[in-house]
Amino acid sequence: MTASRPVIVCGNWKMNTTPADAAMLAIEVARATEVPGVVRVICPPFVSLHAVGNALRDTDVAVGVQDVHAEPFGAYTGEISAPMVAGLATWAIIGHSERRRDQGEDDELIGRKLLRCAEFGLRPILCVGEQLAERQAGNAERTVRRQLERTLAEIDRASAEPPANLVIAYEPVWAIGTGLTARGSDASSMAQLIRDTLAGHGITESAADVPVLYGGSVTSAAIDEFLAEPDIDGALVGGASLKVDEMAGIVARAGLTAAARQTA
Ligand code: PEP
């Protein structure tokens, strides 16, 4: 049953663009991707949130952040928290593999970030995914299940509820920015494992409604394989999200999925 899940395409601009050119890119992407039924999100760098938000004011493209701090306020030099982006963003990428790798973020910290998203009204896209060595050793499923369980355990510890509007991005680390992609069938079985794991953690009623996106070198040429899978609900797009034509192709393909699911 997929009809109740939205089809989502989220662009992660990473550490690219300046406020001056981000606004222009956002407008061009918004214009080129006006496709019914697809939820579009752009996550620019923090310093471009205001410019991008203004540029997208008359569109239904949502703005997200690429991370938030695990605490709401405090002595954390250079950091940005969930309440600080109120009015600038409504979505947040959490637990991206580049932050796990470069900032040493672990699942417990990511769980606390998820709590902050719920507390301050940001819709989280929680990223999970295995390293190449883990897949080669046959441990991809175990890794993703462990990431989710440890993240959700942090929410249990706080006696809180998982965010009702949770989105998961399955992003095999070896596919991010490499030009390699997973197989659609592998992404699909991982999406099923993700929903099973969520259901095992008390998200029983809504686990089937949690959108699962695929991320990892998605392009307009590669997206078809993933959106052909009923368990995959869209894409988290890095490098290709900076290219207007690529985003046009990706969202156009997502629109076909959205239309087909609506009539199913
Ligand atoms: C990402 O940033 O989450 C990502 C998947 O990047 P890319 O599409 O460039 O692999």
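**View 1. T33 sits in the loop that joins helix 1 (19-32) to strand 2 (38-43).** Helices (H or I, at least four residues) and strands (E, at least two) are DSSP runs, numbered from the N terminus. The model is predicted, so local features need pLDDT of at least 70 and side-chain atom pairs count only at pLDDT 80 or more, while totals for chains, interfaces and linings use all residues. Residues are numbered from 1 along each chain as its sequence is written, and side-chain values use heavy atoms, with hydrogens and water left out.

**View 2. Here are the surroundings of T33.** With a relative accessible area of 1%, T33 is buried (under 20%; exposed is over 50% and partly exposed in between, with a 1.4 Å probe and protein chains only). Setting aside neighbours within four places in sequence, T33 is in contact with R40, M247, A248 and V251 (heavy atoms within 4.5 Å). With R40, the T33 side chain also makes a side-chain polar contact at 2.9 Å (a pair of N or O atoms within 3.5 Å; within protein, one must be able to donate a hydrogen and the other to accept it, and residues adjacent in sequence count only if both atoms are side-chain atoms).

**View 3. Now meet the ligand, surrounded by 15 residues.** The closest are K14, H96, E171, G177 and S217 (a heavy atom within 4 Å counts as near).

**View 4. Polar side-chain atoms of E171, H96 and N12 face ligand oxygen atoms in this view.** The distances to a ligand oxygen atom are 2.7 Å for E171, 2.8 Å for H96 and 3.1 Å for N12.
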